[in-house]
Amino acid sequence: MSGVEHIVVSSEDGGQRLDRWLKRKYEFIGQARIEKMCRKGELRIDGSRCKAASRIEAGQVIRIPPIPQESVLARPIETRVISPDDTKLIQAAVIYKDDYLIVLNKPAGLPTQGGSKQKRHVDGMSEALRFGNEEKPRLVHRLDKDTSGVLVMARTRKVAQALTEAFRHRETRKIYWAAVAGVPSPKMGTIKYGLRKAPGRGSGGEGEKMQCIHPSDLAQYDDAKRATSDYAVLNQLAKRAAWVALSPITGRTHQLRAHMAEIGHPIIGDGKYGGSGQENQGDGWGAQLGGDISRKLHLHARFISFQHPARREIVSFTAELPRHISATWSTFQWDLEEVPNDPFEAE
């Protein structure tokens with residue numbers, strides 16, 4: 001059994017999740033073991049308790065408890081086997097690839113990353129996206145499980161680091177499309193409610209819910225973070241529903257969903273933020289329109305643009321709407337050709 005180790009995070013490893021960094025150093029360690037070490041306080045960042053999903057930064061010191069060496073010999077490194085159906089699904093989602101990037105149109109209902117209850121996810125299927133590369137592609141951002149659309153992956157660690165930094169410092173442009181209850185007024189605006197984890201909820205992941213905090217009250221909450229979202233109404237169905245473009249200026253958990261619900265216009269199909277207790281300015285209640293309209297979440301990452309890590313030119317990608325959202329657009333007679341990819345830039 002090795003002793004306690006204290007490892008300084010290198011500049012190359014900065015920006016990663018703690019659990020992924022550990023698995024690269026000790027490939028025999030499973031997710032459950034890492035989470036247990038975090039819960040017991042054995043695994044620490046700069047002397048502080050942490051979570052498996054905590055981000056590590058260059059220069060931080062990671063305390064790693066003694067690890068039984070026999071586990072290396074007793075259990076070979078597992079190679080994830082992707083089923084033929086999952087291989088077909090994830091490869092069909094590819095809308096662009098080159099030597100540096102893979103861009104997906106992530107299906108709604110497929111988590112980006114795994115968790116205690118999520119065994120089938122994009123990160124786990126990435127083995128099927130090597131396409132001859134020695135390394136499997138790495139996630140550089142994420143989408144909620146029920147949100148469809150553009151998802152970018154890096155094909156090397158160096159590219160992943162560059163893109164992660166670009167995404168973190170808002171050097172990318174992201175446009176989401178959503179159908180919301182009611183019609184926001186004014187037709188274009190900015191939402192600046194801060195966000196914090198709602199009290200009384202379970203631990204992390206998809207089960208958590210975010211609480212909006214008025215900007216003037218942010219100082220009252222140590223755990224509240226500033227959040228900013230732009231919105232623009234692109235079309236509407238009388239006063240019952242609207243097609244909106246959303247641009248998250250910051251990237252908080254459930255930001256767009258929480259912000260739209262807070263201003264009284266929850267996203268259609270959002271049971272978490274637009275349930276029966278949600279007041280809104282559309283007809284009926286909550287985020288369900290009824291009739292033939294799907295009860296699935298109507299939020300889609302439509303467009304993204306950023307500087308290519310190798311060519312250094314701006315590249316952009318557009319993801320087609322999933323079937324349930326396309327059906328709603330057809331029902332409401334909303335024409336995709338009538339609107340620009342980035343209505344905020346047009347203004």
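This is a predicted model: local features need pLDDT of at least 70, side-chain atom pairs count only at pLDDT 80 or more; totals for chains, interfaces and linings use all residues.
1. Helix H8, buried side. H8 spans residues 323-332. Its buried residues are His324, Ile325, Thr328, Trp329 and Phe332. They share one side of H8 because they cover an arc of only 140° around the axis.

2. Helix H8, other side. Arg323 and Ser330 lie on the other side of H8. Both are exposed.

3. What H8 packs against. The partners of its buried residues are strands. They are E8 (148-154), E9 (173-181), E13 (229-237), E14 (241-248) and E15 (299-307).

4. After H8. Gln333 follows the helix. Its phi is positive, near 60°.

5. Ser126. This residue sits in the loop between helix H5 (122-125) and strand E7 (138-139). Ser126 counts as buried because its relative accessibility is 0%, and buried means under 20%. Leaving aside residues up to four places away in sequence, Ser126 touches Lys136, Pro137 and Met153.

6. Salt bridges overall. The structure holds 12 of them. Side chains of opposite charge can pair when their charged atoms come close. The next points take up several cases.

7. Asp86 and Arg120. Their side chains form a salt bridge, at 2.9 Å from N to O. The pair links distant parts of the chain, 34 residues apart. Asp86 belongs to helix H4 (residues 84-92), while Arg120 lies in the loop between strand E6 (101-106) and H5. Asp86 has 15% relative accessibility, so it counts as buried. Arg120, at 44%, counts as partly exposed.

8. Glu135 and Arg138. This salt bridge brings the closest N and O atoms to 2.6 Å apart. Glu135 is partly exposed, with 31% relative accessibility. Arg138 counts as buried, at 15%.

9. A network. Arg142, Asp144, Arg257 and Asp270 are joined into one network. The salt bridges that connect them share partners.

10. Lys40 and Glu42. Here the side chains meet in a salt bridge, with N to O at 3.4 Å. Glu42 has a relative accessible area of 27%, so it is partly exposed.

Key: Residues are numbered from 1 along each chain as its sequence is written. Side-chain values use heavy atoms; hydrogens and water are left out. Buried means under 20% relative accessible area, exposed over 50%, partly exposed in between (1.4 Å probe, protein chains only). Helices (H or I, at least four residues) and strands (E, at least two) are DSSP runs, numbered from the N terminus. The arc is that of the directions from the helix axis to the C-beta atoms. Contact means heavy atoms within 4.5 Å. A salt bridge is a side-chain nitrogen of Lys or Arg within 4 Å of a carboxyl oxygen of Asp or Glu.
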